[in-house]
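Colleague: Hi, I'm new to this one and would like a quick tour. Could you bring it up on the screen?

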Amino acid sequence: MPIDATQPYDDANIFARILRGELPSKTVHEDEHTLAFNDINPLAPTHILVIPKGRYVSWDDFSAKASDEEIASLVRAVGKIAREGGLVQSGYRILANSGLNSGQEVPHLHVHIFAGRPLGPMLAK
Ligand code: 5GP
């Protein structure tokens, strides 16, 4: 079910539980403000989720409330994962769903990184 991204942050969401260590995940990158881990249901050979450690529902929430340091950390983590994962040469796609029309399911901001095969058109028509 897509979530309403205007709702307050829900500490019971699955990524909050991963951040608290209550659920396992395969870490790809971690720093003070950002965690990246493999998606449990990969849609491409490489499918990584990059999340802020702070309590942000969506991109607009994050961009309004996060510190410059948190924002820089997330953006730099995406690039570092792409470079160090060898994704730059063959190419990759980043995507962040926000709210109802996007189909966002987990109400904690996450950036998807997809790579490892031709990814097809940007959106279904
Ligand atoms: P959204 O549709 O919100 O943009 O993407 C949510 C993503 O979270 C999906 O790709 C889904 O497979 C992934 N996901 C959901 N639950 C878990 C989980 O428990 N662990 C991991 N690693 N990924 C999850």
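Colleague: Let's pick a spot to begin: is His112 buried or exposed?

Modeller: His112 is buried, because its relative accessible area is 10%. Buried means under 20% relative accessible area, exposed means over 50%, and partly exposed is in between, with a 1.4 Å probe and protein chains only. Bear in mind that this is a predicted model: local features need pLDDT of at least 70, side-chain atom pairs count only at pLDDT 80 or more, and totals for chains, interfaces and linings use all residues. Residues are numbered from 1 along each chain as its sequence is written, and side-chain values use heavy atoms, with hydrogens and water left out.

Colleague: Thanks! Which strand does His112 lie in?

Modeller: You'll find His112 in strand β5, residues 111–115. Helices (H or I, at least four residues) and strands (E, at least two) are DSSP runs, numbered from the N terminus.

Colleague: And which side chain does His112 have a polar contact with?

Modeller: That would be His47, with 2.8 Å between the two side chains. A polar contact is a pair of N or O atoms within 3.5 Å; within protein, one must be able to donate a hydrogen and the other to accept it, and residues adjacent in sequence count only if both atoms are side-chain atoms.

Colleague: On to the ligand, then. Which residues come nearest to the ligand?

Modeller: There are 17 residues around the ligand, and those that come nearest are Asp39, Asn97, Glu105, His110 and His112. To be near, a residue needs one of its heavy atoms within 4 Å.

Colleague: How is the shell around the ligand divided by residue type?

Modeller: Seven of its residues are nonpolar, eight are polar and two are charged. Ala, Val, Leu, Ile, Met, Phe, Trp, Tyr, Cys and Pro count as nonpolar, Asp, Glu, Lys and Arg as charged, and the others, Gly among them, as polar.

Colleague: Which element gives the most to that shell?

Modeller: α1 does, with three residues. At least two shell residues each come from α1 (14–19), β2 (34–38) and β3 (46–52).

Colleague: Nice. Changing topic, is Lys65 buried or exposed?

Modeller: Lys65 is exposed, since its relative accessible area is 61%. Its place is in helix α2, residues 59–65. Asp61, though, counts as buried, at 10% relative accessibility.

Colleague: How far apart are Lys65 and Tyr92?

Modeller: They are 27 residues apart in sequence and 28 Å apart in space, C-alpha to C-alpha.

Colleague: Last stop: what about Ile51 and Tyr9?

Modeller: Ile51, in strand β3, is buried because its relative accessibility is 0%. Tyr9 and Ile94 are 85 residues apart along the chain, and their C-alpha atoms are separated by 23 Å.
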